[in-house]
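Hi,

Here is the structure I promised to pass on to you. Have a look at it first, and then read my notes below.

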Amino acid sequence: MAKSRFEYVRDFEESDAVMKQCFIVLRIDGSNFHRFSDKHGFVKPNDERALRIRGYEAAHGVMQIMPDCTIAYGQSDEYSFVLRPDTTVHGRRRQKLVSLAVSKFTAVYQFYWAHFFPETALLYPPAFDGRLVLYPSDKILRDYLAWRQVDCHINNLYNTTFHSLIQKQGLTASESEKRLSKTLSKEKNEILFQLGINYNDEKDIFKKGSVLIGAENRKENEGEIDLWEAQSSEESKHLQKRQVLVLHVDIIKDPFWQRYPNLLLPLEEVKKARKRQVQTDCNKKNNEYLFILVFYHALVFVILDFNIIRNLYGNLKHKNERTLCITVLPRGKHT
Ligand SMILES: Nc1nc2c(ncn2[C@@H]2O[C@H](COP(=O)(O)OP(=O)(O)OP(=O)(O)O)[C@@H](O)[C@H]2O)c(=O)[nH]1
Ligand SMILES: [Mg+2]
């Protein structure tokens with residue numbers, strides 16, 4: 001920036017770097033999406049195209065610009081992005097992080113709109129709001145994510161029952177709302193069952209939401225890596241730098257966190273864990289080389305020995321011919 005006598009105004013800008021050693025959560029939520037989904041004819045209660053454009057593409061876009069985002073969780077019109085506690089990305093500046101995440105999310109959402117909704121013109125630009133919250137420990141961070149997933153479960157069970165009563169039993173919206181008022185989960189499950197729906201059979205993407213983690217965490221044959229066919233090298237450079245694994249699994253109970261122990265580690269620890277892994281791989285390779293070396297040495301000794309045996313008995317060629325004869329004899333005759 002060129003120097004001028006007006007430069008002093010810069011000093012009025014406040015520092016808004018957030019506290020160190022806390023997980024940073026950026027939550028993005030569709031603004032007035034009730035209306036947006038109605039106007040654009042989203043399938044009720046869940047529209048897979050809408051979930052994909054939000055989840056796989058827009059959230060993916062944010063993960064590209066936040067390399068320290070360890071996990072993202074999304075459901076309905078919202079997404080939460082978790083940054084490792086010791087990230088220094090953009091100087092941990094609150095406004096920079098929130099505005100970047102929200103603008104990228106919104107831009108990518110519109111960028112891919114025509115692909116996911118080829119027959120629905122975008123009637124007006126959607127908007128998303130964003131907030132940044134700090135969580136000081138693994139436990140509280142996990143409770144935050146559990147809170148969002150429980151919300152997904154409660155809303156999805158309600159919405160599925162609400163819309164099934166309308167679609168299958170011909171109730172009006174207010175009749176359906178009245179029917180469901182003060183009902184517990186068990187009763188909603190029963191209503192669904194009477195309408196021929198087993199809630200357990202509903203898709204996991206609806207019941208559990210979407211969990212996005214770096215593809216380097218992938219276990220064999222697990223989950224879906226979002227391999228989008230980019231239309232240009234610029235698109236792939238900006239939106240596919242980092243491969244992301246998409247899962248629809250429970251993140252409330254322990255097994256998920258035991259399966260991916262690196263997700264909540266600080267960056268420093270991740271680097272150490274990677275170093276240890278490289279060392280282990282290196283040792284494994286060295287052991288393999290050692291094994292091959294010993295094996296070939298042993299083979300040389302065996303061949304030498306073999307010669308000695310051949311010299312001793314002198315009849316090995318004949319023995320080999322007999323072996324060959326036995327192999328080609330039909331089974332019946334052989335016995
Ligand atoms: N039909 C349909 N609607 C959806 C879908 N996903 C989100 N929505 C709508 O988006 C709304 C999201 O809820 P909220 O975020 O609480 O409501 P909002 O209208 O966005 O209001 P604010 O966030 O306060 O601006 C839901 O109530 C639905 O109406 C979908 O897949 N299908
Ligand atoms: Mg909303």
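To start with the cysteines, a search of the whole structure turned up zero disulfides, a disulfide being a pair of cysteine sulfur atoms within 2.5 Å. C69 is buried, because its relative accessibility is 1%, and C152 counts as buried too, at 4% relative accessibility. Here buried means under 20% relative accessible area, exposed means over 50%, and partly exposed is in between (1.4 Å probe, protein chains only).

A word on the source: this is a predicted model, in which local features need pLDDT of at least 70 and side-chain atom pairs count only at pLDDT 80 or more, while totals for chains, interfaces and linings use all residues. Residues are numbered from 1 along each chain as its sequence is written, chains are lettered from A and ligands numbered from 1 in the order in which they are written, and side-chain values use heavy atoms, with hydrogens and water left out.

Now to the ligand. Ligand 1 is surrounded by 16 residues, and the closest are D29, N32, F33, H34 and D47; a residue is near a molecule or strand if one of its heavy atoms lies within 4 Å of it. Several polar contacts (pairs of N or O atoms within 3.5 Å; within protein, one must be able to donate a hydrogen and the other to accept it, and residues adjacent in sequence count only if both atoms are side-chain atoms) can be found here:

- An N or O atom in the side chain of D77 is 3.0 Å from an oxygen atom of ligand 1.
- A polar backbone atom of P45 lies 3.2 Å from a nitrogen atom of ligand 1.
- A nitrogen atom of ligand 1 is 3.4 Å from a polar side-chain atom of S37.

On its own, ligand 1 has 640 Å² of accessible area, and the protein covers 66% of that (Shrake-Rupley method with a 1.4 Å probe; for residues, only the protein chains shown count as cover). The largest pocket is the space taken by ligand 1. On a 1 Å grid over the protein atoms alone, a pocket is an open set of points with protein on both sides within 12 Å along at least five of seven lines, whereas in a cavity a 1.4 Å probe fits but cannot get out; lining residues have an atom within 4 Å of a point. A molecule sits in either one if more than half of its atoms lie within 2 Å of its grid points.

The largest share, three residues, comes from α1. Helices (H or I, at least four residues) and strands (E, at least two) are DSSP runs, numbered from the N terminus.

P45 lies in the loop between α1 and α2 (48-65).

Elsewhere, T70 belongs to strand β2 (residues 69-75). T70 is buried, because its relative accessible area is 3%, and its side chain reaches the backbone oxygen of L263 at 2.7 Å.

Finally, K182 is in the loop between α6 (173-180) and α7 (185-194). Its phi is near 65 degrees, a positive value in a residue other than glycine, and K182 is exposed, with a relative accessible area of 81%.

Best wishes
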